[in-house]
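Work through the exercises below with the structure open beside the text. Each task is followed by a solution in steps.

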Amino acid sequence: MTEPARTSREPDVPSDSEAQLALLRAGDPSATRDALRALLPDVRRWLYRLLGRSPDLDDATQDALAEIAAFLPRFEGRSTLRTAAHQITVRVAYRYFGRTTHVPLEAVPDLVAPESTADARVMAREALARLQRCLQRMPPKRRVAFVLCAIEGLSPTEAAHIAGSSSLAMRCRLLQARREVARMLAHDPYLARWLQPESPP
Amino acid sequence: MTSRALLDELAQRASHAEPPGLDDATARRMLDHAVEHAVASAPRTATASSPRPRWPIAVAFAAAATCALVVGWFLLQTPAAPVELTRMTLPSGDRLVGADNARFELAPSARGVQLHGGTLLVDARDRFQLATPHLVTIATNTVFSVESDAERSRVQVYRGAVDIEQAGGRHRITAGSVWDSQVVLASASTSRPASLVVAIDELLATAPLAAVSRADTGTARDTAERDTNTRADTDTSRDTAPRADIANAGHTTTRATSVTARETTSTNSISTARATSTREDIATSRDEAPSAEPATTLDQLLARARSELAAGKFADALATTKLAATRGATKGPWRIVAADALRGLERYADAASTYERAASELSGTDAIEAGYTAAYLRFHDLKDPATALKVLTTARIDEPGSPLEERGLALRVRVLDALERRAEARPFAERYLAKFPHTQLRPLMQAMVDPPAKAPLPTKTPPAKAP
């Protein structure tokens with residue numbers, strides 16, 4: 001495959017401008033690559049939140065990028081490119097649900113300030129790992145609803161648009177997901193201890 | 001704290017968690033393959049058509065069916081034509097043999113296949129996945145076949161064991177068993193697909209591709225829990241090439257060919273293989289000597305070099321770039337491949353220089369990526385922060401709007417800190433915090449912005465009085 005001739009242009013972040021849209025719809029490899037490059041961090045982050053620290057994360061990222069790249073010539077600009085990419089990413093994530101993965105403690109990133117005690121850091125990581133395990137045990141649609149709304153911060157309407165469902169269905173799934181996760185976490189003594197305020201010195 | 005508050009707290013913290021980092025080479029490979037996939041699956045021009053009446057279709061179908069019956073009867077009277085097989089070996093070592101007009105697509109990572117129809121024989125090395133419209137098979141160190149049509153899929157194992165996921169359940173079948181998706185049940189079977197009898201014998205005659213065989217003689221059972229313990233270390237998956245190597249005569253007795261790339265509209269499809277090559281008929285009653293490879297074009301050489309890189313064969317990839325250089329191909333993507341190969345061989349000084357040259361030759365995102373990698377090597381591996389700073393500035397990596405702005409800013413701050421030019425680092429750290437407030441580097445950047453703690457001033461002692 002011959003590398004296309006490159007024009008000298010500033011490495012701007014791809015936007016949804018008309019010119020950019022035209023290049024993407026024409027399948028221009030440079031424009032496609034730039035668009036994917038800009039989307040890669042988001043795609044990977046979305047998949048990480050949906051799949052957790054999964055050994056399939058790289059494969060899923062590659063699949064999502066490939067599907068987005070194939071979709072770009074059909075992109076009509078009715079929504080933003082980022083929204084369309086998010087929809088495709090969620091669809092790709094569904095294929096990877098159901099592959100039970102043990103979430104090792106060291107695989108979860110630190111979420112507390114580095115100057116806190118080692119105990120606090122370990123507990124914070126374990127708490128997040130337990131949340132990920134809860135999500136892995138949930139049905140895929142509820143899992144997606146929880147991730148999009150509770151973690152990503154989307155409204156149920158926005159999440160419904162991403163997931164390809166109705167707002168009503170998304171609200172129901174979110175409600176059920178929150179109840180289910182809350183029930184799983186409610187009797188976890190580890191998490192309850194982690195969130196208790198530290199005792200004064 | 002209530003459980004709901006606990007849930008909200010955890011969700012809030014999860015929203016700040018960032019995924020594990022992706023090194024530049026892997027990111028570049030992912031982008032390359034996604035772009036190639038887009039080119040390969042570019043839709044053909046569709047012609048608008050008005051709605052047609054249906055009855056001519058029915059008549060044509062009936063006529064075609066009649067013709068098919070006649071032709072089929074005729075064919076039964078003639079000697080069997082040579083079986084047409086498609087063979088390919090993936091860079092991971094997995095071997096595929098397609099028969100009965102097998103139509104399949106490779107996953108981008110080449111660790112799986114989507115079978116749309118026909119029969120596929122697989123000699124799987126390590127955690128190979130094959131999906132049909134009816135089920136998903138997962139196999140390690142196994143020889144098995146899958147036949148699929150519109151109605152059902154049939155999985156037969158000849159060596160090792162296969163896990164099958166169907167209808168929410170997971171089942172394992174072992175050598176000598178067959179799984180039928182219509183009955184959702186395993187049964188014993190020693191028959192083989194007629195088109196693959198010889199190919200199966202060939203694969204079984206060779207030793208298993210991996211040292212340890214995981215053949216399981218147990219009956220079919222749910223193995224969901226086992227999967228988490230037997231899953232291969234996925235970090236090694238980065239060493240396997242994401243695309244099939246179609247010129248691998250060392251593994252097959254006949255010339256390997258690629259699969260015809262087919263456009264698909266299925267939302268569940270995975271990316272297609274590369275563009276078509278010819279398929280050759282293989283007589284089942286005789287062995288054919290492998291024919292000599294035709295002279296390779298520069299494009300093919302570039303594809304081979306990238307495949308060698310992805311497979312971790314850095315010396316081979318460097319040799320391929322030198323071969324291309326004898327034909328005048330040294331710049332642009334060739335420079336990047338050479339730099340990646342040198343980096344893989346831990347020749348960091350040569351790699352950094354090559355990346356810098358690539359950054360000056362290329363433009364756009366490629367130039368920025370090459371420049372960043374050069375600066376990174378200069379700082380982290382060659383302990384040369386001064387040159388790293390020059391490269392960062394020349395390549396304009398951390399300029400606003402750059403695709404690698406975050407990485408560039410982070411590297412520049414670290415470099416300036418190493419050069420003890422903290423005052424110069426501060427505005428960059430401020431810019432970083434303003435634009436990327438939720439990364440793991442926040443504490444470092446904040447430390448750069450915050451004024452350093454003042455040391456207590458030494459108490460002045462009065463000068464001694466003169467006598």
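Helix axes are lines fitted to C-alpha atoms over the stretch in contact, and the angle between two of them runs from 0 to 180 degrees between N-to-C directions. The model used here is predicted.

**Exercise 1.** Describe how helices α12 and α14 of chain B pack, and state which residues make the contact.

Solution. Step one is to locate the helices: in chain B, α12 covers residues 405-418 and α14 covers residues 442-449. Step two is to read the geometry: the angle is about 50° and the axes are 11 Å apart. Step three is to name the arrangement. Angles under 35 degrees count as roughly parallel, those over 145 as roughly antiparallel and those from 65 to 115 as roughly perpendicular, while the rest are oblique; α12(B) and α14(B) are therefore oblique to each other. Their crossing is left-handed. Step four is the contact: α12(B) contributes L409(B), A410(B), V413(B), R414(B) and D417(B), and α14(B) contributes L444(B), M445(B) and M448(B). Sorted by class, the residues in this contact are six nonpolar, no polar and two charged.

**Exercise 2.** In which sense does strand β4 of chain B pair with β3(B), and in which with β5(B)?

Solution. Begin with β3(B), residues 112-124, and β4(B), residues 128-131: they run parallel and are joined by three bridges. Within this pairing, V113(B) has L130(B) as its bridge partner. Then turn to β5(B), residues 136-139, which pairs with β4(B) in the antiparallel sense over four bridges. Here L130(B) stands opposite T137(B). Finally, the link between β4(B) and β5(B) is a hairpin of four residues.

**Exercise 3.** Classify the aromatic pair formed by Y372(B) and Y376(B).

Solution. Start with the position: both residues lie in helix α10(B), residues 364-381, four residues apart, or about one turn of the helix. Over all chains, the structure holds four aromatic pairs.

Key:
Residues numbered from 1 in each chain as written. Chains lettered and ligands numbered in written order. Predicted model: local features only at pLDDT ≥ 70, side-chain atom pairs only at ≥ 80, totals over all residues. Heavy atoms only, no water. Helix = DSSP H or I, 4+ residues; strand = E, 2+ residues; numbered from the N terminus. Left-handed = near helix turned anticlockwise from the far one by under 90°. Contact = heavy atoms within 4.5 Å. Nonpolar A, V, L, I, M, F, W, Y, C, P; charged D, E, K, R; others polar. Pairing = 2+ DSSP bridges. Phe/Tyr/Trp six-rings, centres within 6.5 Å; stacked < 30°, edge-to-face > 60°.
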